[in-house]
Amino acid sequence: MKWLTWDINLKTRLFGETLFNMLFWMYFPFLTIYFSEELGLVEAGIMMTAPSIISIVGGMIGGYIADQFGRRKIMLVGSFIQTTFFALFALSFSPWLDYVAFIGISLGKSFYRPASSAMVADLVPDKERRSVFATFASANNLGAVFGPIIGAVLFFQYRSELLWTCTAVTFLYSVAILFIIKETMPKQEREEVPSKTLATVVKLQFINYFIILKDKVFFLYILGGIFITVSIMQLDLYLAIYVRNFVPAQELISIGNWSIMLSSEEVFGWMIGLNGLLFVLCIIPITKILEKWSDRNSLILAACLSGIGMFLVGFTTSAWLLFVLTIILTIGEIIHGPVVQNFVSKYAPINARGQYMAASNLQYSLGRFIAPLSVILSVSFTPVLIFGFIMFCALVSAFVYVLMFRNIPENKTANL
């Protein structure tokens with residue numbers, strides 16, 4: 001489906017979300033450093049667990065409102081919430097108020113996301129939907145390439161200006177949603193959705209998750225996903241602390257009298273940018289190279305690369321070696337993403353595929369909730385021990401995946 005033939009809703013969203021995501025990656029990777037310096041490592045570790053809980057509850061509420069009242073309305077609410085809290089962040093005079101603003105921004109994003117995905121489903125035919133989602137994912141990853149490199153300078157030296165820019169961009173995008181984007185929810189779907197209170201919706205979602213998790217194989221799938229998510233999430237958590245505290249400013253390239261010097265924050269920004277660039281350039285080629293591999297072997301390889309790559313980071317302070325290790329652990333992350341989605345689509349019963357896909361997201365939310373433990377532990381333990389703990393989580397994930405495939409019924413094994 002060519003971009004020029006897209007509905008105006010999709011074109012507007014692609015442009016707005018790409019620009020916003022670039023700004024997002026200019027501040028988000030550095031929040032752990034900021035809160036740890038202002039409030040302490042233990043406090044920062046505990047504080048960074050909140051967004052995962054918000055994403056679960058906010059996603060449930062946002063999804064319900066999108067189905068009950070329409071996609072555009074909740075997208076508008078989510079976008080204006082982000083605008084308001086970005087302004088609060090920019091005006092803030094206290095790190096605690098900064099944290100309140102960060103929580104508010106996370107809430108707005110969790111409201112916005114389900115309605116955004118539903119709008120794509122409303123507008124795009126089944127056979128073209130995957131390519132449209134891939135286009136949005138690629139555009140969003142462009143922000144992850146350049147955002148951290150620029151943000152490494154702007155966040156620490158021009159934070160107020162950066163946050164006011166985020167406020168302005170989010171406000172303009174909210175105005176675009178208000179005046180350009182049209183409602184896409186089918187009328188018959190709106191009429192068929194029974195009216196429920198938000199409390200009832202959240203309760204029913206948790207009941208459905210509990211029923212699904214009684215499936216032993218799927219429970220092991222979620223458990224393995226939680227452990228590898230703990231490892232993958234360290235790129236934005238303990239890795240930021242380690243690079244800031246232990247990696248010195250250093251000369252990256254020198255030619256005659258010309259050289260590139262990087263501060264510790266800039267080294268970290270380049271690592272995050274390299275991670276995003278690899279996603280943009282390598283996700284399709286790597287997926288094709290491993291397309292004949294079984295899901296079992298791919299998931300085990302992904303866990304091992306992520307864990308070993310992270311563990312080796314604790315033995316170097318060289319920027320070049322850190323970039324090489326970033327490549328290794330990113331390849332593990334790249335392998336993992338498409339395979340877990342493929343596994344659920346093949347394993348889940350046809351009549352419950354949507355519920356299984358929704359429950360699958362628990363691995364990311366719970367993994368993000370546990371991941372900041374590394375920041376808390378860093379108060380008492382050396383970097384090698386912390387990175388050892390991270391590798392242990394990844395290897396536990398690989399072991400759980402082995403158990404999971406041993407428990408899959410023979411009639412389904414051939415497909416996996």
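A cavity is a set of points, on a 1 Å grid over the protein atoms alone, where a 1.4 Å probe fits but cannot get out, and its lining residues have an atom within 4 Å of a point. The model is predicted, so local features need pLDDT of at least 70 and side-chain atom pairs count only at pLDDT 80 or more, while totals for chains, interfaces and linings use all residues. Residues are numbered from 1 along each chain as its sequence is written, and side-chain values use heavy atoms, with hydrogens and water left out.

**Cavity**
- The structure holds 1 cavity of 30 Å³ or more, where a volume is the space filled by probe spheres set on grid points joined across faces, edges and corners.
- At least two lining residues come from each of α11 (216-232), α14 (295-313) and α15 (319-347), helices being DSSP runs of H or I with at least four residues, numbered from the N terminus.
- By class, this lining has 4 nonpolar, 2 polar and 1 charged residues (Ala, Val, Leu, Ile, Met, Phe, Trp, Tyr, Cys and Pro count as nonpolar, Asp, Glu, Lys and Arg as charged, and the others, Gly among them, as polar).

**Helix packing**
- Helix α4 (residues 50-69) packs against helix α17 (residues 362-370) at an angle of about 155°, with the axes 7 Å apart (axes are lines fitted to C-alpha atoms, for helices over the stretch in contact, and angles run from 0 to 180 degrees between N-to-C directions).
- That angle makes α4 roughly antiparallel to α17, a term for angles over 145 degrees.
- In α4, S52, I53, S55 and I56 meet L362, S365, R368 and F369 of α17, contact meaning heavy atoms within 4.5 Å.
- The contact of α4 with α17 has 4 nonpolar, 3 polar and 1 charged residues.

Key. On a 1 Å grid over the protein atoms alone, a cavity is a set of points where a 1.4 Å probe fits but cannot get out, and a pocket is an open set with protein on both sides within 12 Å along at least five of seven lines; lining residues have an atom within 4 Å of a point. Angles under 35 degrees count as roughly parallel, over 145 as roughly antiparallel, 65 to 115 as roughly perpendicular and the rest as oblique.
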